[in-house]
Amino acid sequence: MSKVTSEREHAPPPGTGRWRSLRENLRHDVPASLVVFLVAVPLSLGIALASGAPIVAGLIAAVVGGVVAGALGGSVLQVSGPAAGLTVIMADTINQFGWKTTCAITLVAGALQVVLGLSRIARAALAISPAVVHGMLAGIGVTIVLAQLHVVLGGGPESSPIANVKALPQQIIENHEPAVLIGVLTIVVLVMWGKMPSAVRKIPGPLAAVLLVTVLAATTGLDVAKVETPANLLDIRFVPLFPSAGWAQFGMAVVTIALVASVESLLSAVATDKMHKGQRADLNRELIGQGAANMASGALGGLPVTGVIVRSSTNVQSGARTRMSGILHGLWILLFVVAFAGLLRNIPLAALAGLLVYVGAKLLNLTHVREVRRHGDLPVYLITLAGVVCIDLLTGVMIGIGVAAVLMLRRLLWSGIHAEPDGDGWRVVVEGALAALSIPRLSLVLGGLPRGSRVTLELVVDYMDHAAFDTLTTWQKAHENTGGIVIVDEVGHPWFERGRAGEPTVHKSKANPVVPRWFAPWSDWQQSEGPSVAGVSVPAQSSMRRGTEEFQRRTSKLVQPALSKLADSQRPQTLFITCGDARIVPNLITTSGPGDLFTVRNIGNLVPDNASSVDGIDTSIGASVEFAVGVLKVREIVVCGHSSCGAMNALLNGAPAGAPALASWLRHGEASLTRSRSHANIGIEGEQTPIGPNQLALHNVLQQLDRLREYPVVRQAEALGELELIGMYFDVGAAQVHLYDARTGSFSSTGRSVPSGRDATVAALTINGHVMPSNGSAL
């Protein structure tokens, strides 16, 4: 009793572990939140300025984004707030509807986001091509830069990017020296800040730039326009105003803001996940959190909220551990607004404009351009960028999505089509998916063939639609009507043949899987009837000729690089001794290729005893073993038997009449026959194999391993640990490979190698707990 009491007295109070964890996390979250706060304030002010919204709207969105989205969102370390990616949309929306109605649009857009999150379709946004997203951001960046350059130069932005470009020369000519000085100095500080010493860079660049130029403007008395704020930033005297008419336009604005904000938030959440090793984002919950934040921001008079990669990356790099960092950053902004609102009136507008020029330029990310180019999506990127700048954001994005969809269809339905001379005729090779998009190219190639010529139509397609089939059949009839001959040779699923038979294959999923001819020369195509002429099959040429032609046409160019490295030497790891049976393909069942196996084949995978090899009676096998082990230094020898072996059947029932050489050779298998009669049956995968040829084949494998150990070169290499002997059995009908397992005395798919000496004898002769007579054989 005293022991229990003592343990209770010294046990930590309930929840102590959680409090310790909370304190430990706060040690990292509080400093990180302060850094993010310092980055967020100038960015929020600049985004509000670029959007044409009240300055306070940016700060409200920053507070709500930090607290509401931080608490409810599904990304632990993502930080939300007003984003540069929405400035163009917001500027247009405010111009069209006014600020109060824009707040209502933000509120309803947030509700739509919540619905989308509850519908659990957040991941659907990730289906949008990255090229479209990067192109959209680049277009927004160009738009921001063109507009804010006018502010940097002391003027005001025009109504569109094109108008800004036209007015820029005149703006440059006009003299606005104080504003230019402030704006350019802000940009220079931001560009150079990354090259400062690490101790200096602990202060966020945006804060440092704005603070420096603000102090400069105040101390030198520069006459520049400054931020205008109400006396009390928290005095919000309006509520969202819904329109009395124009609901279609209102709804379009809601959908636009909801979709763009959702995509930007989700992509930012995914990017943030790549920066840390903690909990992954729940994208549906993140969409709900963003929606709730936008409802609150719209109701309070703030800009739309999204996940912001600049703030999120700062949060991660500053060592944040939990979502508390994002929440605290919002509270610090609120405290700043309450205590230091008057300081905002000292910030020059040109400083915020310079900050936005820098941020906008960063959206033109050259790393993204290179990545998009490597993936072949540069046209999508450029078209989206041009659409956003020259038309508007939504139209540009929709055009980009359309171009991406067309490009995707083109890739999915790609078909390589070319014609080449083939003896006294022509061969037209069609590869890939043959669909309607490929018909112009197909018609061009077919139309260029000489009238009345002999044409082999080689179809290596994984899909053929009705339009392509109709084009081929129409051309075939027309060509044959001019005296030409058309031979259709289909490689893979017979799409064309099924269509001609009136049983077309409609979906890829309905196509029977066919082993490619260039991969499996043992497949049925060699022995089948030849390709069709006018819908009638013609007799096939010899399988060997068809096989060599197929190798020359398809396989040669694929294996030539590997074979060129083996042209002057070979370094096989395995001596593979197996039966000459045509059904056994060593490289296939071992997933190996040129240079991997030193293969020896004979009737029954037999190994003559060493005395026969020394006496010169059967030197071929002995010579192969000595060369493989002594010269090539193979690491393993595999003896592979198989089911339904004719040699084993001949051992049991006698060799066929009139085959004296075969009868003489089979004498090397008599020891295996004796072994099978004196030893217990050997199992496969835990099941006993009936007595007969297959059981004899299993014993024969082990007997040949014994024979190999009679060879001095094998015995010495195995004793030095340089060689491993493996017994293998291939079940032809089941297409299963089994290896001998010395621990169980049976064959299995995870067998162990056959040991030598006394341990092997014990392992091989102990079956099902019973010790069998040895017969003097050491396995």
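**Backbone, strands and cores**

Mentor: Lys633 is exposed, with a relative accessible area of 56%. Please keep in mind that this is a predicted model.

Trainee: Where is Lys633 placed?

Mentor: Lys633 is not a glycine, yet its phi is positive, at about 55°. Its place is in the loop between helix 24 (619-631) and strand 11 (636-642).

Trainee: Is Ser644 buried, partly exposed or exposed?

Mentor: Ser644 is another residue other than glycine with a positive phi, near 55°. It is found in the loop between strand 11 and helix 25 (646-653). Exposed requires over 50% and buried under 20%. Because its relative accessibility is 48%, Ser644 counts as partly exposed.

Trainee: In which sense do strand 3 and strand 4 pair?

Mentor: Strand 3 (residues 415-422) and strand 4 form a hairpin with two residues between them. One of the bridges links Ser415 to its partner Gly432 in strand 4. Over eight bridges, the pairing of strand 3 with strand 4 is antiparallel.

Trainee: Which residue in the turn of that hairpin has a positive phi?

Mentor: The turn belongs to the hairpin of strand 3 and strand 4. The phi there is about 65°, and the residue is Gly423.

Trainee: Which residue in strand 5 is the bridge partner of Val428?

Mentor: Strand 4 (residues 425-434) also pairs with strand 5 (residues 454-464), and the two run parallel with nine bridges. Within strand 5, the bridge partner of Val428 is Leu457.

Trainee: What is the handedness of the β-α-β unit made by strand 4, helix 18 and strand 5?

Mentor: Strand 4 and strand 5 run parallel, and helix 18 (residues 439-447) belongs to the unit with them. The β-α-β unit is right-handed.

Trainee: How many of the 10 residues of strand 4 are buried?

Mentor: Strand 4 is joined to strand 3 by eight bridges and to strand 5 by nine. The strand is mostly covered, and its number of buried residues is eight.

Trainee: How many residues does the largest nonpolar core have?

Mentor: In soluble globular proteins, nonpolar side chains tend to be buried together. Leu393 is among the residues with the most contacts inside this core, along with Leu45, Leu303 and Ile333. Beyond its neighbours within four places in sequence, Leu393 is in contact with residues including Gly85, Ile89 and Met136. The largest core has 79 residues.

Technical notes. Residues are numbered from 1 along each chain as its sequence is written. This is a predicted model: local features need pLDDT of at least 70, side-chain atom pairs count only at pLDDT 80 or more; totals for chains, interfaces and linings use all residues. Side-chain values use heavy atoms; hydrogens and water are left out. Helices (H or I, at least four residues) and strands (E, at least two) are DSSP runs, numbered from the N terminus. Buried means under 20% relative accessible area, exposed over 50%, partly exposed in between (1.4 Å probe, protein chains only). Two strands pair if DSSP finds at least two bridges between them. A crossover is right-handed if, with the strands pointing away from the viewer, the path from the first strand over the helix to the second runs clockwise. A nonpolar core is a set of buried Ala, Val, Leu, Ile, Met, Phe, Trp, Tyr and Cys residues joined through side-chain atoms within 4.5 Å. Contact means heavy atoms within 4.5 Å.
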